[in-house]
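Welcome, and please open the structure in your viewer. We will go from stop to stop, selecting a few residues at a time.

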Amino acid sequence: MAEAHSAVAFSFAITHEGFDINYDHEVLNLVFNSGVRSWKKRVARARNGIRNGVYPAHIQSLWLITAIALGLHFAGYNAPFNLTNRILVHLPSNTMNWQICACFLTALAIWLSICFTMRYTLKLLLIYKGWMYESRAPGSRVSLPTILWVAVVRVLSTWNKPSLYSFQGSLPRLPLPSVHDTMARYLRSVRPLLDDANYERMQGLAKEFEQTIGRKLQLYLVLKSWTSTNYVSDWWEEYVYLRGRSPLCVNSNFYGTDAIFMNLTSIQSARAANVISLLLNFRRLIEHQELQPIMVQGMIPLCSWQYERTFNTARVPGLETDRIVHYRDSNHIVVLHKGCYYKMTIYHKGRILRPCELQVQIESILESKATPLDGEECLAALTAWNRSKWAEARNTFFARGINHVSLHAIESAAFVLSLDDEPFEFDLERPELLDSFGKKLLHGNGYNRWFDKCFTVCVGTNGRVGFNAEHTWADAPVMGHVWEYIFGDDIDGYDETGNTKGTPEFTPPTPTRLNWDLKPCLPQIEEATICATKLVNEVDLRILVHREYGKGFMKKCRLSPDAYIQMALQLAYYRDAGRFSLTYEASMTRLFREGRTETVRPCTIESAAWVKAMMDPSTTNDDRVQLLKDACDRHQLGYQDAMCGRGIDRHLFCLYVVSKYLEVDSPFLNEVLSEPWRLSTSQTPHGQTPKMDLKKHPNCISAGGGFGPVADDGYGVSYIIAGENLMFFHISAKTTCPQTDVHRFANNICQALADIRSMFEQHMKDHPQPAKKLTNGVSK
């Protein structure tokens, strides 16, 4: 009860002697500072809202136009359209003050006209996607329309330094493809997966759908595309994520690893403190909109709306559907250590605690002799449980009292920090250590990660870090951006002893234990723990470090590195399973407002032809090379279509949702939406910003991250092209499936990459390129 008493900031009682007033000065000061901080953020949001509303124009240009209007008026010249005199007629008098007011209103009208002209000009320009399809081959020429488009867009998007959300109003809406185009793309994508009889059957279903119910469903989507910012994103978030009832652990959450080739410090508390500090600085950049938006080729903006929920966010379970709850502000994080939960204040006297002060707080947690309360150690297993069961338990046992208060502290925290009591190890000679590292981040032991939280930062006893992130609020590139920021500044954050730099200016607030009364729900926690343990034991993970070559050789082959790897995965899967499979590759649609992802289907007619040629000893090497180039070109076109809103699967998904709303059954949509993705892949982006200088710090690169398998009899493969001669593959599969084996598949990937390299080396040997001549006659 001591914690409850200390939480009372103000109280009064009426006695026979009068009023008895008691108050806690420290708590009231904390409340006051919190209010001041909140109002500062509101003012900053209002200021940024005005700035973003007029972008790409500059708000200070208003004063320049006002000065010109004043000069013209008092020099005896008329403003455009004689606006000043027309406005002056409607003002109370013709005095000097009202003349100045009329000049200002004239300047404001002209300025707003210029602002919105520039804004909508930029929006119209960003609709153009022809630049995406321009050939990037050496010696190819860029078309004149694209050259002119680049020149104008570069001026409009870079002349005024943008803030995080400056381009949101200028981004175009995601276009809605026609049903006919989507049917044509879909049928082409499934041709290598179906025999002639099944393909003809699917053609009939598609034709029937297009000519009947498809037209009606498309009309509803047209209406939605007109009235909503993005016709996909809200339904995608609700039906793919929030309505899913399976556990988040393994099935939805993803993870990211440390920069494994660097060892900045072996002190757990120091690394945790510095990472916390950098994360809070990143949060401040988002809140103040000082974070620069990501720009493709330095001038084409990507949508930034996902950043809003990076911190202070939790997924709250519901009986039928979950919901995402985002808190405007949070002055604490929650730390999990040895089964105990701590609330750690991150502000003091109006400022964020420095890393050296945060380290003091963390060391007090690490040195604590506290033991978990009954049920507390396995409490987080509830977040790895079936969502409906977790919602029922939450409504029953966490709706009031100390359980409600403590749960709210977790859900409203900026993020969760897990101080693990084991190291995160890495050794190139012992690959099983990196596999174990990934498993600890993907699922831990099933109850040492709060899977509902926006993300959980995990720190090993040796100072290695990683994260486990909930997927609903954003896609992996956003967390990848966060992680790049961390690595970019984490390098110089430690002194020669491995501790954080600096000396604490005061004794920081001591973290407080969260209290629980879990005895009534011990059976539910025990059942959730059993389910989480079973889920964890059913997943295997292999992290392959490929150091033979990387994107350097791929560029030498004049192929897209992503297409190159996808073709290698197609060959590896065919050798592993003896058949082709529907393959998922995530592509982003953030060139459009509130865009998230679209599916690229790497298994194509061209890729299947190349794989069959690789399996046929009679095929010549030149034929194999040409078939691979054709397959990569087709894959690149599919990727470009997906990024430009011409994908297949999101359109079909939305048509399916409309059919369910209308209670209309479609055999075509039912079959399409039930097809399993036995090979689910994703590339982890890096170098999204110039923050991380890999030339100066070549080892400052994360090993990427991964996710669990989508299908019980399939693989989940995430890869990162980390350098000219380095790639990482994160391969997951279910141990309960006898047809899948992550170690066998990793070997197949290595063999496929080696075969492609040998194929091209032989091709280059057979067809040597003539040496280029310099102007002085010397061969290059």
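A residue counts as buried when its relative accessible area is under 20%, as exposed when that area is over 50%, and as partly exposed in between. Keep in mind that this is a predicted model.

Select Arg245; at 19% relative accessibility, Arg245 counts as buried. Asp322 lies in the loop between strand 6 (313-316) and strand 7 (323-326), and Arg245 in the loop between helix 10 and strand 3 (254-256), so the pair ties together parts that are 77 residues apart in sequence. Asp322 is buried too, because its relative accessibility is 3%.

Select Asp649 and Arg601, whose side chains meet at 2.6 Å, N to O. This pair links distant parts of the chain, with Asp649 in helix 22 and Arg601 in the loop between strand 18 (597-600) and helix 20 (605-615), 48 residues apart. Both Asp649 and Arg601 are buried. Then try Arg351 and Glu357, another salt bridge (2.9 Å, N to O). Here Arg351 is partly exposed at 24% relative accessibility, while Glu357 is buried at 0%.

**Now for a helix.** Select residues 213-227, which form helix 9. Is the side with Ile213, Gly214, Leu217, Gln218, Leu221, Lys224 and Ser225 buried or exposed? These are the buried residues of helix 9. They cover an arc of only 120 degrees around the axis, which puts them on the same side of the helix. In general, an α-helix has 3.6 residues a turn, so residues three or four places apart point the same way. Turn to the other side of helix 9 to find Arg215, Leu219, Trp226 and Thr227 exposed.

What do the buried residues of helix 9 pack against? Show helix 7 (179-190), helix 8 (196-211), helix 10 (233-242), helix 22 (649-661) and helix 23 (667-673) to see these partners.

**Last stop: the surface.** Select Val142, Leu144, Ile147 and Leu148, which make a nonpolar surface patch of about 380 Å². Val142 sits in the loop between helix 5 (96-127) and helix 6 (144-158), and is partly exposed at 42% relative accessibility.

Note on methods: Residues numbered from 1 in each chain as written. Predicted model: local features only at pLDDT ≥ 70, side-chain atom pairs only at ≥ 80, totals over all residues. Heavy atoms only, no water. Patch = residues over 30% accessible without salt bridge, like charges linked within 9 Å, V, L, I, M, F, W, Y side chains within 5 Å. Areas by Shrake-Rupley, 256 points an atom, 1.4 Å probe, with all protein chains shown as cover. Salt bridge = Lys/Arg side-chain N within 4 Å of Asp/Glu carboxyl O. Helix = DSSP H or I, 4+ residues; strand = E, 2+ residues; numbered from the N terminus. Buried < 20%, exposed > 50% of the residue type's maximum accessible area, 1.4 Å probe, protein only. Expected span 1.5 Å × (residues − 1). Arc of directions from axis to C-beta. Contact = heavy atoms within 4.5 Å.
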